[in-house]
Amino acid sequence: MARRAPRWYFSFRSPYSWMAYRDLVDHHPQEAERIEWLPFWEPDPSAQDELEQSNIRLPYVPMSKEKHLYILQDVRRLARARDLEMVWPVDPAPRWEVSHLAYLAAERRGVGREFIAETYRTRWERGEDISRPDTMRKIAETIGADPEALARAHEDPEIRELGMAALGSLHRDGVFGVPFFICGFDKYWGVDRLPDFLRRLQSLKVS
């Protein structure tokens, strides 16, 4: 069996994933082009039922109040260290499949990286709600994609099937959080592990 390409799992929800994204594309653009990009999100009830029927259980653990307060402090500290301006978003009714399945629709149309960049800006620099289909329409218009295709991606059976395959991939890879990097048999979890992943990646022969 051929070994899979080096890859990383990202999430629009996670501020640590946003910072890893900025570290990667701002400072290591060549390496960013060498790896596979895969989304990570919490499935909606319908997808969760389908996963359980396939004996796939994703390792989601509710966050404690203490951990949430720590993350608020930690993220501010890490953002300042990177000179990143951020706005902490408010998610009144989070539906993470809206943005992550829209990403799969954008990737299918050849504008996946553009979608990622604009969605991260929308959430972490402008504080907008990416659980709203209208937000996906705005992002699609900005990147020159079909607004309705991205806004309704979470309702599209073909895109939802791609989403199930993506969730199955993170299950097989043993992914339990983001950002999560994999190179060969080596796994790296957390934004602070990105340098280790990059060193491992750079040690490989460029194909």
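**Close-up views of a predicted model**

Figure 1. Helices (H or I, at least four residues) and strands (E, at least two) are DSSP runs, numbered from the N terminus. The model is predicted, with local features requiring pLDDT of at least 70 and side-chain atom pairs counted only at pLDDT 80 or more, while totals for chains, interfaces and linings use all residues. Residues are numbered from 1 along each chain as its sequence is written, and side-chain values use heavy atoms, with hydrogens and water left out.

**Figure 2. Packing of helix 5 and helix 6.** Two packed helices are described by the angle between their axes and the distance between the axes. For helix 5 and helix 6 the angle is about 150° and the axes are 8 Å apart. Helix 5 is therefore roughly antiparallel to helix 6; angles under 35 degrees count as roughly parallel, over 145 as roughly antiparallel, 65 to 115 as roughly perpendicular and the rest as oblique. Axes are lines fitted to C-alpha atoms, for helices over the stretch in contact, and angles run from 0 to 180 degrees between N-to-C directions. Helix 5 contributes W96, S99, A102, Y103, A106 and E107 to the contact, and helix 6 contributes G112, R113, F115, I116 and R123, contact meaning heavy atoms within 4.5 Å. These residues comprise six nonpolar, two polar and three charged. Ala, Val, Leu, Ile, Met, Phe, Trp, Tyr, Cys and Pro count as nonpolar, Asp, Glu, Lys and Arg as charged, and the others, Gly among them, as polar.

**Figure 3. The largest pocket.** The volume of the largest pocket is about 1100 Å³. Its lining comprises 34 residues, of which R13, E42, M63, K67 and I71 are the closest to the centre. Helix 1 (15–27), helix 4 (65–81) and helix 6 (112–125) are the elements giving two or more residues to this lining, and helix 4 supplies the largest share, six residues. By class, 21 lining residues are nonpolar, six polar and seven charged. On a 1 Å grid over the protein atoms alone, a pocket is an open set of points where a 1.4 Å probe fits, with protein on both sides within 12 Å along at least five of seven lines; lining residues have an atom within 4 Å of a point. Grid points are joined across faces, edges and corners, and a volume is the space filled by probe spheres set on the points.

**Figure 4. The second largest pocket.** This pocket holds about 190 Å³ of space. Among its lining residues are W37, Y103, R113 and L162. Strand 2 (36–39), helix 5 (96–108) and helix 9 (157–172) each give two or more residues to the lining. The lining has eight nonpolar, no polar and four charged residues.

**Figure 5. Backbone detail at D83 and P179.** Most residues other than glycine have a negative phi, and most peptide bonds are trans. D83, in the loop between helix 4 and helix 5, has a positive phi near 55°. D83 is exposed, with a relative accessible area of 70%. The peptide bond from V178 to P179 is cis, with omega near -5°; P179 belongs to the loop between helix 9 and strand 3 (180–183).

How values were computed:
Buried means under 20% relative accessible area, exposed over 50%, partly exposed in between (1.4 Å probe, protein chains only).
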